[in-house]
Amino acid sequence: MHKTALSILVLSLAALVLVTGCRHRNQQADIPDIQSLYDHIASLDTLIGSEQVDSIGNVNDHVAEVLTAYKNRAQSPEDVAILDSLTRIYAVASEFTRFCTSTKDNLDILRQDLKNLENQYRSGKITSPAYIAALLEVEQIIIDIRDEMADKNQQAIRFLRNQLVLVESLSTLPVPGN
């Protein structure tokens, strides 16, 4: 009997949390808070400059060094296959680092656009509906950037996890002069 009562209580609490969460989300969807938008931009900016992003770049630099060292020097069909895989890994991680670089610039522009929007609204140059529409657009841009960054980050990490095993599997390059 205690298990049944406990189950009902847990289900009731879960339903309450879901209903409250949905209602809260609908209320916030009406007008985004401009300060929270600035905070989200700052958060994304911090993520782009994080150690994890730097680490991905550093590991990818190592992959580039290996690819350069083995360029036209594969000693077996296995080496060729490994180098092809490393080339794909390098491309995915490079795409992520390029995305971070361009996003950093885009976040600076977005932050300035948000500041200009705020100034226009305060000076009465734009109406409330136009201001709200612009805030919603900025909010969607932030969400899109965050989602794309997360996807590219996960893909780069997934690909880079295999690079060390692949590099260690390559035949040793002959020493020049031997």
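A nonpolar core is a set of buried Ala, Val, Leu, Ile, Met, Phe, Trp, Tyr and Cys residues joined through side-chain atoms within 4.5 Å. Buried here means under 20% relative accessible area, computed with a 1.4 Å probe on protein chains only. In the structure above, the largest nonpolar core has 39 residues. This is a predicted model, where local features need pLDDT of at least 70, side-chain atom pairs count only at pLDDT 80 or more, and totals for chains, interfaces and linings use all residues. Residues are numbered from 1 along each chain as its sequence is written, and side-chain values use heavy atoms, with hydrogens and water left out.

**The nonpolar core**
- Leu86, Leu114 and Met149 touch the most other members of the largest nonpolar core.
- Two or more residues of this core come from each of α2, α3 (51-69), α4 (77-122), α5 and α6; these helices are DSSP runs of H or I with at least four residues, numbered from the N terminus.
- Helix α4 gives the largest share of this core, 13 residues.
- Leu114 is in contact (heavy atoms within 4.5 Å) with Ile34, Leu37, Tyr38, Ile41, Leu135 and Val138, leaving out residues up to four places away in sequence.

- Ile34 sits in helix α2 and counts as buried because its relative accessibility is 13%.
- Beyond its neighbours within four places in sequence, Ile34 touches Leu114, Glu118, Tyr131 and Leu135.
- Ile34 and Glu118 are 84 residues apart in sequence, yet their C-alpha atoms are 8.1 Å apart in space.
- Gln163 belongs to helix α6 (residues 163-169) and is buried too, with a relative accessible area of 9%.
- Setting aside residues up to four places away in sequence, Gln163 is in contact with Val59, His62, Val63, Leu86 and Ile89.

**The largest pocket**
- A pocket is an open set of points on a 1 Å grid over the protein atoms alone, where a 1.4 Å probe fits, with protein on both sides within 12 Å along at least five of seven lines; lining residues have an atom within 4 Å of a point.
- The largest pocket has a volume of about 170 Å³, the volume being the space filled by probe spheres set on the points, which are joined across faces, edges and corners.
- Helices α2 (34-48) and α5 (128-160) each supply at least two lining residues, and α2 gives the largest share, six residues.
- Among the lining residues are Ser36, His40, Glu139 and Arg146.
- The lining divides into five nonpolar, three polar and two charged residues.
- In this grouping, Ala, Val, Leu, Ile, Met, Phe, Trp, Tyr, Cys and Pro count as nonpolar, Asp, Glu, Lys and Arg as charged, and the others, Gly among them, as polar.

Methods. Buried < 20%, exposed > 50% of the residue type's maximum accessible area, 1.4 Å probe, protein only.
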